Amino acid sequence: MPHHVPICNIYHEFSQKFMTAGQLTNLIIDSVSKAISERRKNPEIKSKNFLQLMLDHREDDGIVAGLSDEEIVANAYLFILGGYESTATSLAYTFYLLVTHPEIQEKLYQEIKKAEDDRYIAVQSLQYLNQVLTESLRLYPPSGMQ
Ligand code: HEM
């Protein structure tokens, strides 16, 4: 007689490995809230990122129409939601296209090898990389607009 694994065991195993949407939401909210209070306690900590930009425009810094802590957390959550799947899907299609077009991959590799460094400004000047990504987004748009 075949051995059947009860469905609740499969669910239990799955839920041990992966977070539920609620747990992930709590993780993000807790981490961002912690980062906000850390930076409030230590204003000398400054990073170049979205969170810092929002913190620099907080309402209690006397800025008209500044952001409340709740709005900063909500925006950080939106950026993570909006930026995660879209970027992952775009990269997956781009790598698929590069693997299936090795001559393009080689040309791109040569351009990247010549790049000065990996800072944003240097990456922005890579014309062929820009063309590859744009073409990948044209062929396989990860999300549509209505
Ligand atoms: C290749 C990557 C991405 C693609 C293809 C993409 C695509 C889109 C599209 C089609 C929209 C809807 C625009 C509209 O309705 O007018 C959108 C909105 C948005 N995306 Fe992205 N996105 C990407 C990366 C990101 C990243 C990295 C972030 C965050 C860091 C992000 C955050 C957002 C947000 C916050 C909105 C809503 C903007 C608004 O309603 O004002 N996206 N994105």
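Visitor: Where is the place of S33?

Guide: S33 sits in helix 2. Helices here are DSSP runs (H or I, at least four residues), numbered from the N terminus. The model is predicted: local features need pLDDT of at least 70, side-chain atom pairs count only at pLDDT 80 or more, and totals for chains, interfaces and linings use all residues. Residues are numbered from 1 along each chain as its sequence is written.

Visitor: Why is S33 called partly exposed?

Guide: Count C-beta atoms, placed from the backbone, within 10 Å of the residue's own: 20 or more others means buried, 12 or fewer exposed, and in between partly exposed. S33 has 15 others, so S33 is partly exposed.

Visitor: What makes D30 exposed?

Guide: D30 is also found in helix 2. Its count is 11 other C-beta atoms within 10 Å, so D30 is exposed. From D30 to L55, 25 residues apart along the chain, the C-alpha separation is 16 Å.

Visitor: How do you know that helix 2 is oblique to helix 4?

Guide: Take the axes of helix 2 (residues 21-41) and helix 4 (residues 69-100): they come within 10 Å and cross at roughly 130°. That angle makes helix 2 oblique to helix 4. Axes are lines fitted to C-alpha atoms, for helices over the stretch in contact, with angles from 0 to 180 degrees between N-to-C directions. Under 35 degrees counts as roughly parallel, over 145 as roughly antiparallel, 65 to 115 as roughly perpendicular, and the rest as oblique.

Visitor: Which residues in helix 2 and helix 4 meet?

Guide: I28, I29, V32, S33 and I36 in helix 2 meet D69, I72, V73, A76, Y77 and I80 in helix 4. Contact requires C-beta atoms, placed from the backbone, within 7 Å. By class, this contact has 9 nonpolar, 1 polar and 1 charged residues. Ala, Val, Leu, Ile, Met, Phe, Trp, Tyr, Cys and Pro count as nonpolar; Asp, Glu, Lys and Arg as charged; the others, Gly among them, as polar.

Visitor: Why are helix 4 and helix 7 called roughly perpendicular?

Guide: The axes of helix 4 and helix 7 (residues 127-139) cross at roughly 105° and come within 9 Å. Helix 4 and helix 7 are therefore roughly perpendicular. S90, Y93, T94 and L97 of helix 4 make the contact with V132, L133, S136 and L137 of helix 7. The classes are 5 nonpolar, 3 polar and no charged.

Visitor: How many residues surround the ligand?

Guide: The ligand is surrounded by 10 residues, the closest being F79, G82, G83, S86 and S90. Near means a C-beta atom, placed from the backbone, within 6 Å. The shell has 4 nonpolar, 6 polar and no charged residues.

Notes
Helices (H or I, at least four residues) and strands (E, at least two) are DSSP runs, numbered from the N terminus. Two residues are in contact if their C-beta atoms, placed from the backbone, lie within 7 Å.
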